[in-house]
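Okay, thanks for coming, everyone.

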Amino acid sequence: KQWYQRRVRDALNQYQVVGVGVEAESSVHYTDSAIFVCHEIDGARIISSKSHELIRRVPQAMVDVFRVGSSQSGALLYDAQREFDQSSHKANDYMQEIVERNDIELAVKQCISAAACSTKPKLQKALLRAASYGKCFLSNDSPEYFVDMCKTLRVLNEVQSFRIGIPLTYQQLHSFTIKGLINRLVRMRLYYLALPIVDYLKIPGGQQMVLSHWAMDKVKRSKESDEAIANAIFKRVGPSDSISYASVANEARNYGRTELAIKLLDYEPRSAEQVPALMRMSRFTNAIEKAIESGDMDLVHTVIVAMEANQTQRDFINTLKDYKVASAWYAKWCSLTDTQKLHDHFYTQDNFEASALLSIKELDHNMMLDAKIKLMESINRHFMDLGNGFVLRLGLLHTGN
């Protein structure tokens with residue numbers, strides 16, 4: 001839009017483009033098919049059914065280097081490098097003039113900027129060779145700008161190729177940003193290109209983002225078996241924190257592939273993400289197993305609370321019977337919060353000895369006569385359930401034998 005306001009206006013009908021300059025000069029271009037004009041930050045695209053062209057003002061960096069008779073330092077450096085390749089003494093004359101001006105650094109920057117403005121790889125290489133030649137005459141030059149430009153142009157040339165078809169210029173990429181380009185490639189499902197680019201440019205978090213989108217896309221689109229998909233994702237990503245397997249599993253669950261989600265969660269190394277995901281799928285048995293394996297008792301407690309709230313009493317009891325750590329933790333929790341729940345827990349676990357000892361403990365703290373009578377009756381029932389073995393052991397403990 002800025003380029004449109006400052007430099008040129010386009011008037012068009014279905015088969016004609018008229019470029020009107022700021023001095024009222026104009027040029028007419030005819031086409032053999034209907035066209036569409038789209039304004040860019042540095043020019044205007046003319047799109048037809050047969051072609052895609054970009055009209056823009058010649059960048060100043062290109063004018064400085066390639067204008068006929070240009071005496072700019074960048075132009076002299078470009079000529080010097082070409083003469084040097086031909087083993088001509090003129091290269092020394094050009095460089096001497098630049099040195100006398102004390103403009104070597106400026107000449108290098110002009111050649112690099114001109115390379116950025118060019119869309120032709122061959123010309124880019126020639127300009128970058130000239131910049132590299134000029135850098136040999138600098139003693140304290142930092143290589144970052146030159147190296148970053150080489151990397152950026154290599155990426156631009158790849159996405160501009162007919163195989164990809166994203167005709168970005170350097171100025172457009174600078175406005176769009178590299179991360180914006182990566183997001184575009186991901187939306188186009190060009191993961192095979194996006195991943196090498198983020199690795200090549202060392203974009204923080206780029207690999208994780210691309211791999212996450214790839215894994216989620218594979219979950220949604222692949223017709224392979226659940227096991228084959230899970231294995232393929234694990235083979236590509238590996239046992240690392242580079243992506244969240246829990247997020248991918250959640251995507252699989254949203255698409256109705258619950259078994260695939262569970263297989264993916266087996267690869268999730270972070271219990272804090274793995275266990276809640278299993279609970280959301282109501283896979284409480286898997287969740288309590290993973291929570292116990294993690295050794296995080298807060299996580300175990302969270303699963304137990306969720307199990308008690310969402311499972312039937314029979315399923316809850318059976319699950320606790322299978323996991324002694326969870327059963328012991330539930331008993332400890334009930335002892336601090338709800339004694340009646342603890343009684344019920346011991347009863348369902350057939351732990352009559354613990355029930356009897358709990359009743360005896362309550363007997364010492366209860367001052368109401370009716371309550372003491374009920375507790376004595378409860379203790380008596382527990383003794384009867386335990387048989388003579390428990391009474392004999394109490395007797396041995398009492399006598400100290």
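Let me start with a question: are α15 and α16 roughly parallel or roughly antiparallel to each other? Hold that thought while I tell you what you're looking at.

This is a predicted model, so local features need pLDDT of at least 70 and side-chain atom pairs count only at pLDDT 80 or more, while totals for chains, interfaces and linings use all residues. Residues are numbered from 1 along each chain as its sequence is written, and side-chain values use heavy atoms, with hydrogens and water left out.

First, the overview. The protein chain has 23 helices and 6 strands. Those are DSSP runs, numbered from the N terminus: helices are H or I with at least four residues, strands are E with at least two. The chain has 401 residues, and 39% of them count as buried. Buried here is under 20% relative accessible area, exposed is over 50%, and partly exposed is in between, with a 1.4 Å probe and protein chains only. Take the contacts between residues at least 6 apart in sequence: 45% of them join residues at least 24 apart. A contact is heavy atoms within 4.5 Å.

Back to my question. Helix α15 covers residues 271-280 and helix α16 covers 284-294, and their axes come within 8 Å and cross at roughly 165°. Axes are lines fitted to C-alpha atoms, for helices over the stretch in contact, and angles run from 0 to 180 degrees between N-to-C directions. So α15 and α16 are roughly antiparallel. For the cut-offs, under 35 degrees is roughly parallel, over 145 roughly antiparallel, 65 to 115 roughly perpendicular, and the rest oblique. The crossing of α15 and α16 is left-handed, that is, the near helix is turned anticlockwise from the far one by less than a right angle; clockwise would be right-handed.

Who does the touching? On the α15 side we have S271, Q274, V275, L278 and M279, and on the α16 side F284, N286, A287, K290, A291 and S294. By class, that contact has 6 nonpolar, 4 polar and 1 charged residues. Nonpolar means Ala, Val, Leu, Ile, Met, Phe, Trp, Tyr, Cys and Pro; charged means Asp, Glu, Lys and Arg; the others, Gly among them, are polar.

Now another pair. α11 (residues 206-221) and α13 (residues 245-254) have axes that come within 9 Å and cross at roughly 20°, so these two are roughly parallel. Their crossing is right-handed. A215, M216, V219 and K220 from α11 meet S247, V248, E251 and A252 from α13, a contact with 5 nonpolar, 1 polar and 2 charged residues.

Next, a couple of loops. Most residues other than glycine have a negative phi. S87, though, has a positive phi near 60°. You'll find S87 in the loop between α3 (73-85) and α4 (90-101), and at 69% relative accessibility it's exposed. K202 has a positive phi too, near 55°. K202 sits in the loop between α10 (191-201) and α11, and it's exposed at 64%.

Last stop: where is T258? It's in helix α14, residues 258-265, and it's partly exposed at 29%. Leaving out residues up to four places away in sequence, T258 touches M281 and R283.
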